[in-house]
Amino acid sequence: MTRIEELLIRDGEGPDASLDVPRAALWWLRQGGLRMGPEWEEAHRLCQTDEGNPAHDLVHALAHWIDGDEGNARYWYARTGGGRASTIAEEWQRIAAKLSR
């Protein structure tokens, strides 16, 4: 496990300050149990700060998969080249690994 992956799965009041914005958004999604709620809202807010950045767009796609807005999720996945894992939890893992490289 990389240091970034360790930081993404640690619990706490907020993401580690060393995480960049897309990784912090991914952290918030995990803290919220990959469900809707205030953590999802924070993750979504962060994703929107740099739309067009592939890492932001990838986490944004996951956020909309979580909220059940399939059309919006497809839009964001298309912007990142398409494709996703078969479950939300697996997709979180896939994105975490990708952003940890």
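Residues are numbered from 1 along each chain as its sequence is written, and side-chain values use heavy atoms, with hydrogens and water left out. Since the model is predicted, local features need pLDDT of at least 70 and side-chain atom pairs count only at pLDDT 80 or more, while totals for chains, interfaces and linings use all residues.

Helices are DSSP runs (H or I, at least four residues), numbered from the N terminus. Two packed helices are described by the angle between their axes and the distance between the axes. Axes are lines fitted to C-alpha atoms, for helices over the stretch in contact, and angles run from 0 to 180 degrees between N-to-C directions. Helix H2 (residues 21-31) packs with H4 at an angle of about 20°, the axes being 8 Å apart. H2 and H4 are therefore roughly parallel to each other, a term for angles under 35 degrees, with those over 145 counting as roughly antiparallel, 65 to 115 as roughly perpendicular and the rest as oblique. Their crossing is left-handed, as is said when the near helix is turned anticlockwise from the far one by less than a right angle. Contact (heavy atoms within 4.5 Å) joins Val21, Pro22, Ala25, Leu26 and Leu29 of H2 to Ala55, His56, Val59, Leu62, Ala63 and Ile66 of H4. By class, ten of these residues are nonpolar, one is polar and none is charged; here Ala, Val, Leu, Ile, Met, Phe, Trp, Tyr, Cys and Pro count as nonpolar, Asp, Glu, Lys and Arg as charged, and the others, Gly among them, as polar.

H4 also packs with helix H5 (residues 70-79), at an angle of about 160° and with the axes 8 Å apart. H4 and H5 are therefore roughly antiparallel to each other, and H4 passes H5 in a left-handed crossing. On the H4 side, the contact is made by Asp57, Leu58, His60, Ala61, Leu62, His64 and Trp65, and on the H5 side by Glu70, Asn72, Ala73, Trp76, Tyr77 and Arg79. The residues of this contact comprise seven nonpolar, three polar and three charged.

Two residues of H4 are considered individually. Leu58 lies in H4 (residues 54-66) and is buried at 4% relative accessibility, where buried means under 20% relative accessible area, exposed over 50% and partly exposed in between (1.4 Å probe, protein chains only). Not counting residues up to four places away in sequence, Leu58 touches Tyr77, Thr80, Glu91, Arg94, Ile95 and Lys98. Leu58 and Ala43 are separated by 15 residues in sequence and by 12 Å in space, C-alpha to C-alpha. His60 also has its place in H4 and is buried, at 1% relative accessibility. Leaving aside neighbours within four places in sequence, His60 is in contact with His44, Cys47, Gln48, Glu51 and Trp76.

The structure holds two aromatic pairs. Rings of Phe, Tyr and Trp (its six-membered ring) pair if their centres lie within 6.5 Å; planes under 30 degrees apart count as stacked, over 60 as edge-to-face and the rest as tilted. The rings of Trp27 and Trp28 have centres 4.8 Å apart and planes at 85°, so this pair is edge-to-face. Trp27 is buried at 0% relative accessibility, and Trp28 is buried at 19%. Tyr75 and Trp76 form an edge-to-face pair, with 4.9 Å from centre to centre and 85° between the planes. Tyr75 is partly exposed, with a relative accessible area of 42%, whereas Trp76 is buried, with a relative accessible area of 5%.
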